[in-house]
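Hi there,

Here is the structure I promised to pass on to you. Have a look at it first, and my notes on what turned up follow below.

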Amino acid sequence: DQQVKQNSPSLSVQEGRISILNCDYTNSMFDYFLWYKKYPAEGPTFLISISSIKDKNEDGRFTVFLNKSAKHLSLHIVPSQPGDSAVYFCAASDKGNYQLIWGAGTKLIIKP
Amino acid sequence: DAGVIQSPRHEVTEMGQEVTLRCKPISGHNSLFWYRQTMMRGLELLIYFNNNVPIDDSGMPEDRFSAKMPNASFSTLKIQPSEPRDSAVYFCASRPGQGFQPQHFGDGTRLSIL
């Protein structure tokens, strides 16, 4: 039973355009959501997070949107750059629990 | 600042041998996690330590796996005896305190059991 789903295994975006990565969850108890980026042969790197009391959090080119009623969050990258090509993981936890529930990841490819 | 440091980066060994993976968490972080990543199962939590004490080891697959954290700056994950199906990338992560804090990952150990 996948509680966190990233339905797109891969996404290809033109350099300079907006990249939108999506994540759905089923557990309404989740109240903390994170996005990680992973390059080959490296560990996941924390990008941005959002708690359930907010619906948007922004950090430079990265913005995360949370729609609690739809149990959906998305990561927007504007503008997309070649260095953004990586696998992006969505993760969630409830009540600040140590346990993170991970999505399967979306491979983002930025085309020149 | 130094991140989470794992060693070795790569390990190739024969089935039946003992394997020890090492992790140095970020200084000041009191939570430590060991994960395993495979194509089939993605990222799985194996064990979680808080203040050097194992809190949740329900993800440890079998008795062949064991983990220790003798002090705040060092942890090991041991597999004895190793089997080909243990081949995976093993990540260590640490986090300051509890609550709404992200985990910070090392670069992993790629383990191949022949």
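Read along its sequence, chain B follows the pattern β-β-β-β-β-β-β-β-β-β-β, which comes to 0 helices and 11 strands. Please keep in mind that this is a predicted model. Chain A likewise has 0 helices and 11 strands, and from the N terminus on its elements run β-β-β-β-β-β-β-β-β-β-β.

Now for the overall dimensions. For the 114 residues of chain B, a compact globule would have a radius of gyration near 13 Å, and chain B agrees with that because its own value is 13 Å. The C-alpha atoms of chain B fill a box of roughly 40 × 30 × 30 Å along the principal axes. Chain A has 112 residues and a radius of gyration of 13 Å, which agrees with the value near 13 Å for a compact globule. Its C-alpha atoms take up a box of roughly 40 × 25 × 20 Å, again along the principal axes.

Chain B exposes about 5700 Å², with carbon and sulfur atoms supplying 49% of it. For chain A the accessible surface is about 5400 Å², and 50% of that belongs to carbon and sulfur atoms.

Contacts and charges can be summed up chain by chain. In chain B, 53% of the contacts with a separation of 6 or more are between residues 24 or more positions apart. In chain A, 54% of the contacts between residues at least 6 apart in sequence join residues at least 24 apart. Chain B carries 11 positive and 12 negative side chains, and the centres of the two sets lie 3 Å apart. Chain A has 12 positive and 10 negative charges, whose mean positions are 4 Å apart.

One residue I would zoom in on is B:R64. You will find B:R64 in the loop between β6 (53-56) and β7 (65-71) of chain B. Is B:R64 buried or exposed? B:R64 counts as buried, because its relative accessibility is 11% and the cut-off for buried is under 20%. A polar atom of the B:R64 side chain lies 2.8 Å from the backbone oxygen of B:P81. The side chain of B:R64 also makes a polar contact with the side chain of B:D86, at 2.7 Å. Leaving aside residues up to four places away in sequence, B:R64 touches several others, among them B:K78, B:I79 and B:R85.

Most residues other than glycine have a negative phi, and most peptide bonds are trans. The bond from B:Q80 to B:P81, however, is cis, with omega near -5 degrees, and B:P81 lies in the loop between β8 (74-79) and β9 (88-95) of chain B. Another cis peptide bond joins B:S7 and B:P8, with omega about -10 degrees; B:P8 lies in the loop between β1 (5-7) and β2 (10-13) of chain B.

Two residues have a positive phi without being glycine. A:A41 has a phi of about 65 degrees and is found in the loop between β4 (32-38) and β5 (45-51) of chain A. A:A41 is exposed, with a relative accessible area of 52%. B:N51 has a phi near 50 degrees and is placed in the loop between β5 (42-50) and β6 of chain B. B:N51 is partly exposed, at a relative accessible area of 47%.

Definitions and conventions:
Residues are numbered from 1 along each chain as its sequence is written. Chains are lettered from A and ligands numbered from 1 in the order in which they are written. This is a predicted model: local features need pLDDT of at least 70, side-chain atom pairs count only at pLDDT 80 or more; totals for chains, interfaces and linings use all residues. Side-chain values use heavy atoms; hydrogens and water are left out. Helices (H or I, at least four residues) and strands (E, at least two) are DSSP runs, numbered from the N terminus. The radius of gyration is taken over C-alpha atoms; the globule rule is 2.2 Å times the number of residues to the power 0.38. Contact means heavy atoms within 4.5 Å. Accessible areas come from the Shrake-Rupley method with a 1.4 Å probe; for residues, only the protein chains shown count as cover. Lys and Arg count as positive and Asp and Glu as negative; His and the chain ends are not counted. The place of a charge is taken as NZ of Lys, CZ of Arg, CG of Asp or CD of Glu. Buried means under 20% relative accessible area, exposed over 50%, partly exposed in between (1.4 Å probe, protein chains only). A polar contact is a pair of N or O atoms within 3.5 Å; within protein, one must be able to donate a hydrogen and the other to accept it, and residues adjacent in sequence count only if both atoms are side-chain atoms.
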